[in-house]
Amino acid sequence: MRRPDRKINGMAHLESKYAEAPCAPAKPVRSGKAARRNFWGGLLANDTYQAVVDVLLKNERRQFWVLAAFPLAWVLFAHLGPVLQMFWISFLDSYPPTAGRQPQFTVDNWVAFFQEAIFVMPFLRTLVYSAVFTACTLILTYPVAYFLAKHVKRRNQLLFLLLLLIPFWVGEIVRTYAIMIMLGNNGALNLALKSIGLIDRPIPFMYTGFSMGVGIVYLTSLYMLLPLYSALEKIPNSYLEAAADLGAGSWHRFRKVTLPLSREGVASGCTLVFLISTGYYATPVLLGGPSTTVFAETIAGFFHVAGDKWPIGAAFASLMLITTLGLTGIFLKLMGRSGKGLMK
Amino acid sequence: MTRHTRILMSVIYWAFIVYLFVPLVLMVVMGFKDSKFIGFPIRGWTTEWYSGVMQDAEVMGVFAYSMAIALASTFLSLVIGTWVACFLGPYKFRGKLIVFAVTCLPAVIPGIISAIALRIFARGIDIEPGMLAIILGHTVHNVPFVALVVMARLSTLPRSHIEAARDLGADAIVAFFRVTLPYLRPALIGAGIFCMLLSFDDFVRAYFLGGYDPTLPVLIFAKLRSGMSPEINAIATVVLVLTAALGLWAERSMRRLNKGAS
């Protein structure tokens, strides 16, 4: 197969470049030997390789598909596939399939949810808890992010940010355990309260909504902090100075300038934290009690027992996915619109 | 801003830092307690729990298992994520936004749902619960992060670099390996370490996709359910030190990336 001339010329150029070895000019080129090619030069000169490349990269259109085929296949298969299959399974009456019996289509799995309070309650509890925890995280981290973005000198910001980042590299289980040690009846908090004489006997923090909240806020606060920080950091100081020059007090400046301009960070932080906190399984199991069962535990229950409960579990997981994504979608819409309204 | 709010803000910041660090510090300290009973106050000290963990063949085996999963899933995520980024980044086509949304999907699905969906999926393509299933699950979860980081880096690559390589005779494939890939290196290191951390720390996917062999977080979870003991503190501390070291390394290479970009 004839190659375009440009390539050949180019290759000659490449070869001469490597023969001259510009990185080691002191070393003389060995005489009597053909110019040494490196791996890539050799590859380009290889006929089989060229033949394959000529077929693969014949024109723009083909190049596009060569590059696109694998990512598209992967994304559809591995990213969308599991979710779609979960939806599909949720409408079957049995899965995994047993030999000699065809699964039948049914909506019973979805109906089952609305018939039992032990299903509906954890579901609602998950949504309420996650919303409350998200709000707590926002209130807790907003001043921290503000301090970091506006009060810390730019030179030191990285260091201060790093200090916040380090605990978040530690995994969910280890940090949950750390909270258990903090809040236990013989934990650090009870000891501290006792030693300053506030209490006589330990307060049972553990296995309540409180301990779960402390744990989840502890786990998720970074996902709120980072979007807030990057939104606050973008607000030019001159805006705040202008507002101050026009006579706005600090509360007024916060309310009318900082808060509206950081709205995007608030929206994405809240979305992330809400989605993540609905998905925790180990933390509620370890820190929560019988009265704080969340939906993740309900769903997991169907997958612990072998066999025929999978479709119900799939239906419940689908329901939760639709609800959480729907709620965050509505939330983002609302934030976006009112954000624009405030900007005018 | 008035001085009072400034002081108040810094107090809140440092209080928050204390809130983040105190539980972890207490956990490390508790591993030195000379008693089987977890709780304060600590009266006697010992290093037996730590040395015990180091000599425990089971824990070390589980550690190696977790590490193998983290390495394999990180490698796969990097390859796939980079490929996705190189396709999604520069090309414009109809439906690009949808493909982008689907690419990010595994990163926004709540953990438990992702784990359940992957469990069903693995059963559907006949992968037994175990190492392979966990690697698949972690790869699916990590690809979005790699793709996003690589896309960000790719957008700063000057077109002229590639054009120069092409003029010098490289075809698209050689140009990718000799120009694009070296340029992406800091992003790949940062994203790779982040993937290692995500995989090594992950509980919920490993728990539902795993077979009889536990990963490290699953082992700690199982031990916790049967009761707290300083032994768990020692294991958790080893995990903590390792992940913090990895994280610091990732941070350093990411900072170099930002310097290179500017």
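This is a predicted model: local features need pLDDT of at least 70, side-chain atom pairs count only at pLDDT 80 or more; totals for chains, interfaces and linings use all residues.
Biologist: Where does Asp126(B) lie, and what is its phi?

Modeller: Most residues other than glycine have a negative phi. Asp126(B), which is not a glycine, has a positive phi near 60 degrees. Asp126(B) is found in the loop between helix 5 (111-124) and helix 6 of chain B. Helices here are DSSP runs of H or I with at least four residues, strands are runs of E with at least two, and both are numbered from the N terminus.

Biologist: Which residue of chain A has a positive phi although it is not a glycine?

Modeller: Tyr207(A) has a positive phi of about 60 degrees. Tyr207(A) sits in the loop between helix 9 (188-195) and helix 10 of chain A. With 17 other C-beta atoms within 10 Å, Tyr207(A) is partly exposed.

Biologist: How many helices and strands are there in chain A?

Modeller: Chain A has 16 helices and zero strands. Of its 344 residues, 34% count as buried.

Biologist: How does one describe two packed helices, for instance helix 4 of chain A and helix 3 of chain B?

Modeller: Two packed helices are described by the angle between their axes and the distance between the axes. Helix 4 (residues 60-89) of chain A and helix 3 (residues 57-88) of chain B pack at about 120 degrees, with their axes 9 Å apart. The axes are lines fitted to C-alpha atoms, for helices over the stretch in contact, and angles run from 0 to 180 degrees between N-to-C directions. Helix 4 of chain A is therefore oblique to helix 3 of chain B. Angles under 35 degrees count as roughly parallel, over 145 as roughly antiparallel, 65 to 115 as roughly perpendicular and the rest as oblique.

Biologist: Which residues meet where these two helices pack?

Modeller: Helix 4 of chain A contributes Leu67(A), Ala68(A), Phe70(A), Pro71(A), Trp74(A) and Val75(A), which meet Ile80(B), Trp83(B), Val84(B), Cys86(B) and Phe87(B) in helix 3 of chain B. By class, this contact has 11 nonpolar, no polar and no charged residues. Ala, Val, Leu, Ile, Met, Phe, Trp, Tyr, Cys and Pro count as nonpolar, Asp, Glu, Lys and Arg as charged, and the others, Gly among them, as polar.

Biologist: What is Val75(A) in contact with, leaving aside its neighbours within four places in sequence?

Modeller: Val75(A) is in contact with Leu80(A), Val84(B), Val99(B), Val102(B) and Thr103(B); two residues are in contact if their C-beta atoms lie within 7 Å. Val75(A) is buried, with 28 other C-beta atoms within 10 Å.

Biologist: How many residues does each chain give to the contact between the chains?

Modeller: Chain A gives 78 residues and chain B gives 74. Helix 4 of chain A supplies the largest share of the side of chain A that touches chain B, 18 residues. That side of chain A divides into 60 nonpolar, 16 polar and two charged residues.

Biologist: Which residues touch the most other members of the largest nonpolar core?

Modeller: In soluble globular proteins, nonpolar side chains tend to be buried together. A nonpolar core is a set of buried Ala, Val, Leu, Ile, Met, Phe, Trp, Tyr and Cys residues joined through C-beta atoms within 7 Å. The largest core has 143 residues, of which Ala145(A), Tyr177(A), Ala317(A), Ile116(B) and Ile220(B) touch the most other members. Its largest share, 15 residues, comes from helix 10 (residues 209-234) of chain A.

Biologist: How do helix 3 and helix 8 of chain B cross?

Modeller: The axes of helix 3 of chain B and helix 8 (residues 172-201) of chain B come within 8 Å and cross at roughly 140 degrees. The two helices are therefore oblique to each other. Their contact has nine nonpolar, eight polar and no charged residues.

Conventions. Residues are numbered from 1 along each chain as its sequence is written. Chains are lettered from A and ligands numbered from 1 in the order in which they are written. A residue is buried if 20 or more other C-beta atoms lie within 10 Å of its own, exposed if 12 or fewer, and partly exposed in between; C-beta atoms are placed from the backbone.
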